[in-house]
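Dear colleague,

I am handing over the structure we spoke about, and you will find the sequence and the model just below. My notes on what was found follow after it.

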Amino acid sequence: MNKRSRLVLILAVLAVCFAFLWPSITWYARTPKEEQALALGSMESIRDYSMVKAAEDVEELLNVLKSDGEKEVPQEYKWLTKIAKKNYKDLNEKAPNPMLLKDVVSSFTSKNKLTSAFEKVYREKLLKAKNNYKNSVKLGLDLSGGMNVIVKADLDAVVANLTAESDDAETVKKEAMAQAVETLSSRIDRFGLSSPTIRQQGEDKIYIELPGSAETDQINSIIQGRGILNFRLVDVEATNKFIEYYYNHLGTTFDSQGRLIDSSIIPEDTEVMGLYKADAYGIDQREGYLVIKKEIALDGKHIKSADVGTENGSNKPQVTFVLDPEGAEIFGKFTADHVGDNLCIVSDNKVKSNATIQSAIPNGQVAITGFGLQEAQNLRKVLQTAWLDVPLSVESQQVIGASLGTQAIHQGLMAIAIGLALIMLFMLIWYHGAGFNACVVQVLNLYIMFSILSALNLTLTLPMIAGMILTIGMAVDANVIIFERIKEERKLGKDRAASITSGFDNALWAILDSNITTFIAAAFMSQLGTGAIQGFAYSLAIGVLSTLFTSLIVSRLMFDFQTEVIQKKNISIGWGVK
């Protein structure tokens with residue numbers, strides 16, 4: 001590879017690494033703590049916050065307009081001007097010039113559209129911050145504090161509840177574990193416990209990591225609160241009144257946490273819940289609100305099976321589920337008494353379906369229609385939560401305080417900084433000018449390592465920091481081998497260019513041998529190890545790759561630049577060597 005190609009390669013790698021590292025820089029250095037806390041909340045909490053703040057801003061804007069109708073657009077609302085011009089264009093009207101505040105507001109055909117414009121600003125800002133966090137280097141429990149929990153699923157109880165001999169026990173176990181992981185993920189996100197790590201461990205265990213502060217009692221109630229699926233009546237009249245009230249009081253109906261501010265606007269025996277439909281990505285999206293009865297008509301524990309089929313005659317998708325004898329009796333009597341009323345399915349405090357009772361259902365075999373295939377499959381998943389009903393228990397639980405995390409971060413960073421500083425000092429003293437090359441290589445080595453960690457969305461832990469410190473020593477070892485080889489060639493009487501070429505060529509295979517064997521060991525540790533061992537292996541493997549790149553390509557280009565551009569004849573590479 002010629003020098004020009006090496007230079008282009010190095011610049012390309014540094015640019016790509018900067019792009020990888022930018023989300024981490026933005027999140028940790030440029031995002032305020034308050035914004036971080038909001039962005040780490042659930043999607044629902046972000047939406048509620050954005051709607052409340054948007055409504056407040058619109059009211060403030062309208063008050064400014066009332067005080068001075070001919071006022072120019074204030075600086076904080078200048079961004080609305082661009083949207084207003086587009087609104088005039090869509091209405092086939094000419095935008096006023098200059099555009100006053102009243103012109104901007106009047107370009108929006110309704111107050112709701114103006115509110116939506118403000119809401120979009122808050123939403124995009126928080127979602128952008130959330131995306132930066134997802135693409136940044138995250139701190140593990142040993143650095144940020146938090147909690148790890150191992151949950152055991154009683155799969156034998158699931159198999160014992162099988163109702164048909166044809167049911168495959170192994171398949172049911174796999175479905176039960178997949179559903180348990182999915183249900184826990186949904187519940188933890190709903191409670192605002194941000195960025196959890198939830199994965200299956202072995203056949204019947206689930207490993208959960210919750211960075212940040214979390215209350216033990218709250219976690220236990222979420223994990224063990226299985227079932228949380230029931231059928232309730234919808235109060236249609238109260239729902240219609242609430243919807244009318246809601247759109248007239250967008251900013252004062254719910255607080256920033258999504259709680260109803262004035263509970264007197266609905267009957268005492270009811271509560272407000274969001275009506276959700278899953279989008280193409282399987283993420284619940286709120287489509288509106290329903291006022292439903294607090295009294296549970298039927299508990300989800302009575303569901304024995306659920307499936308997706310087609311409606312007779314129309315081939316339209318329908319969801320069918322079968323109730324146990326007790327549930328069939330309860331449901332038969334209830335549906336007979338409420339023909340024509342709306343019945344909804346509530347899962348984890350979200351309304352997942354709202355249908356009208358057409359007739360009494362006495363046999364315990366229920367069919368729900370009126371939606372597409374994707375919606376039907378999503379509803380089947382919801383019903384399976386109750387059907388599989390996996391008993392969960394907390395097997396182990398460990399809380400790590402935030403103060404330990406702060407101390408660990410400080411000690412880890414100090415170890416890297418002191419180690420790097422001492423190595424640089426030694427290289428400068430022992431190898432003089434060539435030592436400067438080694439110092440640059442070390443800095444670039446760490447830069448590339450952190451960039452790759454960010455690109456792979458890996459979590460930074462103490463073992464990973466240990467791997468980085470080890471990599472610093474390995475990178476220096478590669479430079480020492482190269483420099484000693486160059487010194488040997490120089491002592492033989494070769495000129496600068498020939499000494500550098502021979503030195504790198506002779507050191508190449510020694511460096512490759514040591515680093516490849518280390519990489520192989522790291523690869524096996526990453527596959528066979530778990531937890532801390534994997535973290536150490538990942539950082540070690542990344543360090544090996546970055547060390548090879550910086551030592552063999554970056555360092556070589558620096559030597560060649562000094563030889564051919566600066567026209568140096570001697571080499572400052574140690575005592576007694578010129």
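A nonpolar core is here a set of buried Ala, Val, Leu, Ile, Met, Phe, Trp, Tyr and Cys residues joined through side-chain atoms within 4.5 Å, and buried means under 20% relative accessible area. Please keep in mind that this is a predicted model.

With that definition, the largest nonpolar core has 24 residues, and those with the most contacts inside it are Ile482, Phe483, Ile486, Ile511, Phe559 and Ile573. At least two residues of this core come from each of helix H14 (402-455), H15, H16 and helix H17 (532-564). Ile511, leaving aside residues up to four places away in sequence, touches Ala478, Ile481, Ile482, Leu548 and Leu552.

Helix H15 (residues 462-491) packs against helix H16 (residues 496-528) at an angle of about 145°, with the axes 8 Å apart, and the crossing is right-handed. On the H15 side the contact includes Ile482, Ile486 and Arg490, which meet a set of H16 residues including Ile500, Phe504 and Ile511; by class, the contact has 9 nonpolar, 6 polar and 4 charged residues.

Elsewhere there is an open sheet of 3 strands, ordered E9-E10-E13 with antiparallel pairing. Strand E9 (303-310) and strand E13 (365-369) each have a single partner strand, so one side of each is left without a neighbour in the sheet. Neighbouring strands are turned by 20° against each other on average, direction ignored. Strand E10 (residues 317-323) is joined to E13 by 5 bridges, and Gln318 stands opposite Thr369 in E13.

With best wishes

Key:
Residues are numbered from 1 along each chain as its sequence is written. This is a predicted model: local features need pLDDT of at least 70, side-chain atom pairs count only at pLDDT 80 or more; totals for chains, interfaces and linings use all residues. Side-chain values use heavy atoms; hydrogens and water are left out. Axes are lines fitted to C-alpha atoms, for helices over the stretch in contact, and angles run from 0 to 180 degrees between N-to-C directions. Helices (H or I, at least four residues) and strands (E, at least two) are DSSP runs, numbered from the N terminus. A crossing is left-handed if the near helix is turned anticlockwise from the far one by less than a right angle, and right-handed if clockwise. Contact means heavy atoms within 4.5 Å. Ala, Val, Leu, Ile, Met, Phe, Trp, Tyr, Cys and Pro count as nonpolar, Asp, Glu, Lys and Arg as charged, and the others, Gly among them, as polar. Two strands pair if DSSP finds at least two bridges between them. Buried means under 20% relative accessible area, exposed over 50%, partly exposed in between (1.4 Å probe, protein chains only).
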